[in-house]
There are 2 protein chains.
Amino acid sequence: MSWTLTADAIGDLARGAAVLGTGGGGDPYIGSLLARQALAEHGPVTVVGLDEVPDDALVLTVAMMGAPTVMVEKLPSLDEVVAPVHALGTYLGRPVTHVACAEIGGVNSTIPVAAAAALGLPLLDADGMGRAFPELQMVLPTLYDVTASPLAFSDEKGNVGVLQTVDNHWTERIARVACVEMGCSVMISGFPMSGSIAREALVGGSLSHSLAIGSGIAEARRAKTDPVAATVERLGGREFYFGKVVDVERATTTGFARGRARIEAPGDTDALELSFQNEHLIAQSGDVTFATTPDLIIVLDAESGEPITTEGLRYGQRVRVVAAPSDPRWHTPEALAMVGPGYFGYDLPSHRFDGTPERRLVEAGA
Amino acid sequence: MSWTLTADAIGDLARGAAVLGTGGGGDPYIGSLLARQALAEHGPVTVVGLDEVPDDALVLTVAMMGAPTVMVEKLPSLDEVVAPVHALGTYLGRPVTHVACAEIGGVNSTIPVAAAAALGLPLLDADGMGRAFPELQMVLPTLYDVTASPLAFSDEKGNVGVLQTVDNHWTERIARVACVEMGCSVMISGFPMSGSIAREALVGGSLSHSLAIGSGIAEARRAKTDPVAATVERLGGREFYFGKVVDVERATTTGFARGRARIEAPGDTDALELSFQNEHLIAQSGDVTFATTPDLIIVLDAESGEPITTEGLRYGQRVRVVAAPSDPRWHTPEALAMVGPGYFGYDLPSHRFDGTPERRLVEAGA
């Protein structure tokens with residue numbers, strides 16, 4: 001099913017996408033600005049369901065790569081957004097037919113809207129993760145042997161590069177150092193896919209899902225019901241913590257926003273500790289692990305239900321913390337090797353959103 | 001005038017090029033190996049004088065980029081050498097007609113021979129500097145507004161990238177971080193030029209000159225005359241120091257071999273200090289500055305006259321140190337801003353090979 005995305009839906013889309021962004025994927029306000037500008041200049045975007053993409057389509061993902069702490073200060077221009085798509089179209093020697101989101105997040109679900117509008121191309125109702133992850137190779141298409149490269153990157157100065165690498169991890173490594181040198185935030189386009197591969201490898205319906213979550217929060221506020229409860233229900237998740245942000249350690253290093261946040265609930269002596277690298281990775285309190293990557297850990301404003309990104313965490317915020325299931329394909333052994341706690345350096349088995357540990361056997365790849 | 005380069009000339013070419021490499025540009029033995037292999041597999045290379053290049057030629061430079069300390073341990077394969085030329089030909093959409101050296105040096109004058117042989121293309125009797133310099137933008141073509149980009153780079157794993165940047169300094173910055181990430185040594189090809197531009201912007205005759213220097217050293221040894229004196233005469237330079245290497249400080253940082261060497265002459269209490277970043281930049285003893293970049297500072301084995309590269313300096317070597325004039329275009333104000341001592345962080349005016357300071361007025365750009 002295809003539908004038309006107009007400027008008045010961007011606020012809800014960005015808000016819902018920031019919920020699924022699990023702390024990363026960029027600030028929804030920043031993301032909205034650019035998408036609204038592009039829609040105003042170029043008209044609405046047609047969003048196409050995966051069931052309607054022609055088999056021989058040429059789909060490219062579009063995303064902003066870098067530390068969200070920097071992204072919030074460096075809104076790209078429309079020229080910068082489309083530059084890598086143009087570079088890649090030239091490199092591939094055939095016309096790009098569809099744009100897709102690499103991940104879901106406040107910026108990374110709205111930048112592709114801007115790109116699709118400016119390029120006059122349809123946007124897929126889909127993305128590569130069903131959430132956000134910090135590194136470029138961390139998309140389901142990697143598990144379907146889709147190569148990230150050729151991948152193009154561009155900055156606000158007008159520099160452009162195209163990479164053709166031996167695997168998706170090398171695309172990440174080279175693009176990341178280029179990104180850091182170019183100012184810690186660049187636009188990228190890559191993962192060229194046919195329509196039939198996109199149908200198999202992407203997470204379908206994620207823009208509609210984001211829009212529903214975002215408008216659900218707005219509706220609950222209007223109806224004076226609990227917006228957090230509405231979100232939890234829509235995600236099939238659980239709320240596991242309610243407290244005040246009392247400490248945030250954050251550094252922008254090696255191209256990422258890395259850090260930890262401490263949230264205290266009245267009466268809990270241990271407090272909740274969230275560890276993040278752009279996205280929340282681990283939620284623990286004392287000996288209890290509430291959830292870990294790849295399931296979603298989401299921090300919401302206690303009253304308004306507004307998602308709070310990792311770079312937006314501030315002392316004194318009253319928040320409610322939610323865990324929700326990720327796409328089931330993230331729980332396969334290969335996927336856990338790519339995005340489980342072990343990859344990020346934590347000696348901890350992956351814990352599902354309901355707090356149960358992933359069987360160690362599975363995480364070991366057996 | 002065009003001539004044929006065969007495997008038996010490679011030793012002299014590499015040796016002479018290492019003399020002009022002024023400590024950098026790579027080890028001549030390593031450089032010889034790859035060129036000999038390519039000539040054995042693909043036959044001799046035609047070397048074409050700048051006067052014979054057609055105006056509409058498409059000339060690309062080919063070079064190894066990275067720290068010479070790493071290059072000596074990572075001899076590239078022929079596949080790696082030609083990969084960036086192929087990538088760039090595809091990107092530019094028209095056939096490359098000639099290969100040229102970006103700089104003169106033990107590896108960077110012989111790698112282009114290997115590339116020309118493997119690609120079946122003629123090689124220009126020319127290069128971009130008439131010596132070696134550590135950064136990519138430091139070529140005379142930069143002063144003629146030739147853009148380094150599109151520039152392609154490749155590594156031994158099979159990773160390839162193409163950059164299109166806003167200026168040559170940005171090509172250097174992005175290529176350098178990619179180079180460091182890819183193992184501190186990559187093959188590059190760039191600076192696309194027409195034949196008419198190449199004629200104007202390159203240093204003509206530098207391969208013939210290298211060959212003459214290299215064979216002059218060999219002849220002097222056979223004739224039991226002084227090979228260092230033969231080299232000094234051919235360079236129009238001067239020998240200014242004779243001593244023993246007593247200290248070498250060297251680190252491979254940010255993609256370069258940086259350091260200092262101390263050479264002691266009997267009776268000189270101050271000793272000679274050479275400062276280098278891949279290439280020798282400054283030669284000083286106490287208050288006396290013997291020569292600085294952009295003129296050439298060359299360390300030769302005291303007996304054999306064999307050039308010693310900065311990564312080859314060892315305690316106890318008995319050496320003679322020579323200064324020689326660079327291409328006169330390196331002494332223009334814009335050129336001195338790009339490659340003078342000030343660019344490398346030394347608070348010192350440029351000193352010509354005869355020890356006279358460049359007028360400060362000139363270096364200040366007036």
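Three elements of chain B, β9 (203–204), α9 (206–222) and α10 (227–235), each supply at least two residues of the lining of the largest pocket. In this predicted model, that pocket holds about 200 Å³ of space. Its lining consists of 14 residues, and those nearest the centre are B:L20, B:G130, B:H209, B:P325 and B:D327. Sorted by class, the lining of the largest pocket comprises 6 nonpolar, 6 polar and 2 charged residues. The position of the largest pocket follows from where its lining comes from: domain 1 (3–206) and domain 2 (236–363) of chain B both contribute residues, so the pocket lies between the two domains.

Chain A has a pocket to consider next. The second largest pocket has a volume of about 160 Å³. Its lining is made up of A:L20, A:M129, A:G130, A:V203, A:S206, A:H209, A:R234, A:L235, A:L296, A:P325, A:S326 and A:D327. Two helices of chain A, α9 (206–222) and α10 (227–235), each give at least two residues to this lining. By class, the lining of the second largest pocket splits into 6 nonpolar, 4 polar and 2 charged residues. Because domain 1 (2–206) and domain 2 (234–363) of chain A both give residues to the lining, the second largest pocket lies between these domains.

Chain A is divided into domain 1, residues 2–206, and domain 2, residues 234–363. The C-alpha centres of these two domains of chain A are 24 Å apart. Across the boundary, 43 residues of domain 1 of chain A are in contact with 34 residues of domain 2 of chain A. The size of an interface is often given as the accessible area lost when the parts come together. For domain 1 and domain 2 of chain A, the buried area is about 2,900 Å², and carbon and sulfur atoms give 65% of it. How many salt bridges are counted between domain 1 of chain A and domain 2 of chain A? The count is 1 salt bridge. The side chains of A:R15 and A:E306 also meet in a salt bridge, with an N to O distance of 3.1 Å.

The interface between the chains can be treated in the same terms. Here 18 residues of chain B are in contact with 18 residues of chain A. The two chains bury about 1,700 Å² between them, with 62% of that area on carbon and sulfur atoms. Of the area that chain B buries against chain A, B:N159, B:W170 and B:E181 supply 30%, more than any other three residues. The number of salt bridges between chain B and chain A is 2. The side chains of A:E181 and B:R173 meet in a salt bridge, at 2.7 Å from N to O.

Side chains of opposite charge can pair when their charged atoms come close. Over all chains, the count comes to 29 salt bridges. The side chains of A:E303 and A:R318 form a salt bridge with an N to O distance of 3.2 Å. A:E303 lies in the loop between β15 (296–301) and β16 (318–324) of chain A, while A:R318 is in strand β16 of chain A, so the pair ties together parts that are 15 residues apart in sequence.

Technical notes:
Residues numbered from 1 in each chain as written. Chains lettered and ligands numbered in written order. Predicted model: local features only at pLDDT ≥ 70, side-chain atom pairs only at ≥ 80, totals over all residues. Heavy atoms only, no water. 1 Å grid on protein atoms, 1.4 Å probe; cavity = no way out; pocket = protein on both sides within 12 Å on 5 of 7 lines; lining within 4 Å. Points joined across faces, edges and corners; volume = space filled by probe spheres on them. Helix = DSSP H or I, 4+ residues; strand = E, 2+ residues; numbered from the N terminus. Nonpolar A, V, L, I, M, F, W, Y, C, P; charged D, E, K, R; others polar. Domains from an automatic or database assignment. Contact = heavy atoms within 4.5 Å. Buried area = accessible area lost by both parts, 1.4 Å probe. Salt bridge = Lys/Arg side-chain N within 4 Å of Asp/Glu carboxyl O.
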